[in-house]
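Reader: I am new to this structure and would like to go through it with you by question and answer. Could you show it to me before we start?

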Amino acid sequence: MDKTKLTVNLSDDVTQALRALAAEKGISLTEVLRQAISMERFLSQEVNEGKKILIEDKDGSMRQVIFR
């Protein structure tokens, strides 16, 4: 797989969130970004196919996640 190096500008809040996720999962910042992009792509494809994304709460109730 070819790789491309990117430079991005992120706010301090976003950088802190990425670092927290990386520490929580024991993975690199690059891997956190890769996973986030993959998840966004998957969810976008599902919504574009007319599917709904639902979250089930602990009590069993469901709510729909609305995407832009």
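Reader: Is E46 buried or exposed?
Author: This is a predicted model, in which local features need pLDDT of at least 70, side-chain atom pairs count only at pLDDT 80 or more, and totals for chains, interfaces and linings use all residues. Residues are numbered from 1 along each chain as its sequence is written, and side-chain values use heavy atoms, with hydrogens and water left out. Buried means under 20% relative accessible area, exposed over 50% and partly exposed in between, with a 1.4 Å probe and protein chains only. E46 has a relative accessible area of 16%, so E46 is buried.

Reader: Which residues does E46 touch, not counting residues up to four places away in sequence?
Author: E46 lies in helix 2, where helices (H or I, at least four residues) and strands (E, at least two) are DSSP runs numbered from the N terminus. With contact taken as heavy atoms within 4.5 Å, and leaving out residues up to four places away in sequence, E46 touches K51 and I53.

Reader: Why are the buried residues V32, L43 and E46 said to be on the same side of helix 2?
Author: In helix 2, V32, L43 and E46 are buried. The arc is that of the directions from the helix axis to the C-beta atoms. These residues are on the same side of helix 2 because they cover an arc of only 65 degrees around the axis.

Reader: Which residues are exposed on the other side of helix 2, and what do its buried residues pack against?
Author: On that other side, the exposed residues are T30, I37, R41 and N48. The buried residues of helix 2, in turn, pack against helix 1 (12-25) and strand 1 (53-56).

Reader: How far apart are the end C-alpha atoms of helix 2?
Author: The expected span of a helix is 1.5 Å times one less than its number of residues. For the 20 residues of helix 2 (residues 29-48) the span should therefore be 28 Å, and this agrees with the distance between the end C-alpha atoms, 28 Å.
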